[in-house]
Amino acid sequence: MNSTDTHPRPSLVLGSTGKTGQRVARKLQQANMPVRGCARSTPIPFHWDDERTWLPAVRGTEAAYIAYAPDLALPQAAEQIASFAQVARNEGVARLVLLSSRGEPNGVRCEEAVQASGVDWTILRCSWFAQNFTEGAFADSLRHGTLALPVGGIPEPFIDADDIAEVAAAALRGGHAGQVYELTGPRALTFAQAVHEIADATQRPLQYHHISLTDFTGTLARHGTPQHVTDLLAHLFTELLDGRNSATADGVQRALGRPARDFRAFARESAAQGVWAPVLAG
């Protein structure tokens, strides 16, 4: 965006109804920056498997936040992101910011697709989101008192999605071109330790159980989870949670000049909001 522009072009936020997308859009709005949020259900819809939706979403935007759904691990992700990046370049988009993941081989290919786009780029290579405990199936399990997953004593430096959003919004505004930021929390916790933190914050006797992958996938099947979703979750809980991503990184500090938010602060704030209020029998 030129300083002489009287009507600055909006930043496109893909996945604007998702964990990070909604927060990125909000951060930009709080900075009085124009935003175009797109997802499957938005007025200007966007769907990765329908290229007809890409151009209307991109046209007239200055920068784009790319959150690929459902996950970068899918084999078609890199090709689709490369194609989208060329559409964006052809439409004059100046900056691309990619939400990536740590230790994901296919994620590296997706990053390379953005880096080869010919426009300024920033890569946000993230650890597991703390918000996985507050939004979705984990939260429902915790409201019932127990979380059971096929993950043992492997620590993960959970990152607050609000930190991701703040870095993304800064990159969309400019000044972070060519940077690869590894975004993690300031300390690594096992899933059992994370549940203990939540139990301490809620003052509830929450339990974590390490179960086998077979038991986990069997439970998903009994609940009617589609096979491709089950396969993806099995990949995430085994290959990526094998210790390769346990180390913390300084991406938040490098990008924002402050430490990443600690999981304990996240848990206490979420508990105060009643996220894990117990389900009452009856």
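This is a predicted model: local features need pLDDT of at least 70, side-chain atom pairs count only at pLDDT 80 or more; totals for chains, interfaces and linings use all residues.
Leucine 149 touches Phe138, Phe191, Tyr208, His209, His210, Ile211, Phe216 and Phe237, when residues up to four places away in sequence are not counted.

**The nonpolar cores**

The largest nonpolar core holds 31 residues, and those that touch the most other members are Phe133, Leu149, Phe158, Phe191, Phe263 and Trp276. Two or more residues of this core come from each of helix H5 (137-143), strand E6 (146-149), helix H7 (191-202), helix H8 (213-222), helix H9 (227-238) and helix H11. Of these elements, H7 gives the most, with 5 residues. Apart from this core lies another one, of 27 residues, which includes Ala88, Leu96, Leu98 and Ile123.

Helix H11 (residues 263-272) also contains serine 270. Is serine 270 buried or exposed? Its relative accessibility is 6%, and because buried means under 20%, serine 270 counts as buried. Once its neighbours within four places in sequence are left aside, serine 270 is in contact with Thr134, Val275 and Trp276.

**Aromatic rings**

A search of the whole structure finds 21 aromatic pairs. In one of them, the rings of phenylalanine 46 and phenylalanine 84 have their centres 5.7 Å apart and their planes at 85°, so this pair is edge-to-face. Phenylalanine 46 lies in the loop between E2 and helix H2 (54-58), while phenylalanine 84 lies in helix H3, so the pair ties together parts that are 38 residues apart in sequence. Phenylalanine 46 counts as buried at 4% relative accessibility, and phenylalanine 84 counts as buried at 0%.

Elsewhere, ring pairs link Trp128, Phe133, Phe138, Phe158, Phe191, Tyr208, Phe216, Phe237, Phe263, Phe266 and Trp276 into a cluster.

**Strands and the helices beside them**

Strand E3 (residues 63-66) is covered on both faces, with Ala63 and Tyr65 buried on one side and Ala64 and Ile66 buried on the other. Which strands pair with E3, and over how many bridges? The table sets out the two pairings, together with a bridge partner from each.

| Strand pair | Sense | Bridges | Bridge partners |
|---|---|---|---|
| E1 (residues 11-14) and E3 | parallel | 3 bridges | valine 13 and tyrosine 65 |
| E3 and E4 (residues 95-101) | parallel | 4 bridges | tyrosine 65 and valine 97 |

Helix H1 (residues 21-30) has the buried residues Gly21, Arg23, Val24, Ala25 and Leu28. What do the buried residues of H1 pack against? They pack against strands E1, E2 (35-38) and E3, and against helix H6 (161-173). Just after H1, asparagine 32 takes a positive phi of about 60°.

Technical notes:
Residues are numbered from 1 along each chain as its sequence is written. Side-chain values use heavy atoms; hydrogens and water are left out. Buried means under 20% relative accessible area, exposed over 50%, partly exposed in between (1.4 Å probe, protein chains only). Two strands pair if DSSP finds at least two bridges between them. Contact means heavy atoms within 4.5 Å. Rings of Phe, Tyr and Trp (its six-membered ring) pair if their centres lie within 6.5 Å; planes under 30 degrees apart count as stacked, over 60 as edge-to-face and the rest as tilted. A nonpolar core is a set of buried Ala, Val, Leu, Ile, Met, Phe, Trp, Tyr and Cys residues joined through side-chain atoms within 4.5 Å.
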